[in-house]
Amino acid sequence: MLLGGYIPVTRNMEKEWIQAAEESLKKRSEFHFAIEKLPEAGMIGSCALSDVDWLSRNCLLGIAIYAKKDWGQGLGFEALELLIDFGWSHLNLQRIELGVHSHNPRAKHVYEKLGFKHYGTAHGKYFINGEYIDTDLMELHRE
Ligand SMILES: CC(C)(COP(=O)(O)OP(=O)(O)OC[C@H]1O[C@@H](n2cnc3c(N)ncnc32)[C@H](O)[C@@H]1OP(=O)(O)O)[C@@H](O)C(=O)NCCC(=O)NCCS
């Protein structure tokens, strides 16, 4: 619900999504990372830079830590710091943007702490749980 509308997916659709992510990696248009909470083994979330525009050196950022019990421990902030550094230092990007539901204050706080600035609102972009939700658009420049 915090990422988009809710539409059920099957296990096969999940597999296809992972295969599509692998294809995007080959094409160098998306870079997906697993988030792990060390020293425990296992993936607790994922984050990605996607829609990379190599001419303008722009991309989209996304993150999800799946279980609420893993929220609020600094993991999201740390994962995003590493992801953004990867964008600047390894991909030579100059701008990263994202969309966040206006009713997701936790995520907005983390993005602001990382330096993202609000630059607009997509009004009623998503239909979720019976209502249209605004999406805050945020951007971060390398400098
Ligand atoms: C958003 C998300 C990535 C943040 O990761 P996290 O590990 O929970 O975040 P952190 O622990 O690093 O930081 C949380 C911060 O939010 C603050 N916070 C928590 N609830 C808040 C609220 N209701 N309003 C404002 N700030 C809030 C905390 O105080 C903390 O800030 P601080 O470090 O300055 O004290 C994670 O919660 C998540 O995956 N949520 C579900 C999916 C999602 O919303 N993805 C983003 C879609 S755009």
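## Around the ligand

A residue counts as near a molecule if its C-beta atom, placed from the backbone, lies within 6 Å of it. In this predicted model, 21 residues surround the ligand, and the closest are W71, G76, F77, P105 and H109.

Helix α3 gives the largest share, with six residues. If you sort the shell by class, you get twelve nonpolar residues, seven polar ones and two charged ones.

## The sheet

Next up is the sheet. Six strands make it up, running in the order β1-β2-β3-β4-β6-β5. The sheet is open, and its pairing is mixed. The edges belong to β1 (31-36) and β5: each has a single partner strand, so one side of each is left without a neighbour in the sheet. From one strand to the next, the twist averages 25°.

Let's zoom in on one pair. Strand β2 (residues 43-53) and β3 pair in the antiparallel sense, with seven bridges. Look at A48 and you'll find that its bridge partner in β3 is G62.

## Helices on the sheet

Helix α2 packs on the sheet and touches β1, β2, β3, β4 (95-101) and β6 (131-141). The direction of α2 makes about 155° with that of β3.

Helix α3 packs on the sheet too, touching β4 and β6. The direction of α3 makes about 160° with that of β4.

## Helix α1

Now for α1 (residues 11-26), a helix of 16 residues. From its first C-alpha to its last, α1 reaches 23 Å, close to the 22 Å expected at 1.5 Å a residue. This helix is hardly covered: the count of buried residues among its 16 residues is zero. Just after α1 comes R28, which takes a positive phi of about 60°.

## A look at L114

L114 is found in the loop between α3 and β5 (117-128). L114 has 17 C-beta neighbours inside 10 Å, so it counts as partly exposed.

Which residues does L114 touch, not counting those up to four places away in sequence? They are L80, E81, I84 and L140. As for M43, its C-alpha atom is separated from that of L114 by 23 Å, and the two residues are 71 residues apart along the chain.

Terms used:
Residues are numbered from 1 along each chain as its sequence is written. This is a predicted model: local features need pLDDT of at least 70, side-chain atom pairs count only at pLDDT 80 or more; totals for chains, interfaces and linings use all residues. Helices (H or I, at least four residues) and strands (E, at least two) are DSSP runs, numbered from the N terminus. Ala, Val, Leu, Ile, Met, Phe, Trp, Tyr, Cys and Pro count as nonpolar, Asp, Glu, Lys and Arg as charged, and the others, Gly among them, as polar. A residue is buried if 20 or more other C-beta atoms lie within 10 Å of its own, exposed if 12 or fewer, and partly exposed in between; C-beta atoms are placed from the backbone. Two residues are in contact if their C-beta atoms, placed from the backbone, lie within 7 Å. Two strands pair if DSSP finds at least two bridges between them. Axes are lines fitted to C-alpha atoms, for helices over the stretch in contact, and angles run from 0 to 180 degrees between N-to-C directions. The expected span of a helix is 1.5 Å times one less than its number of residues.
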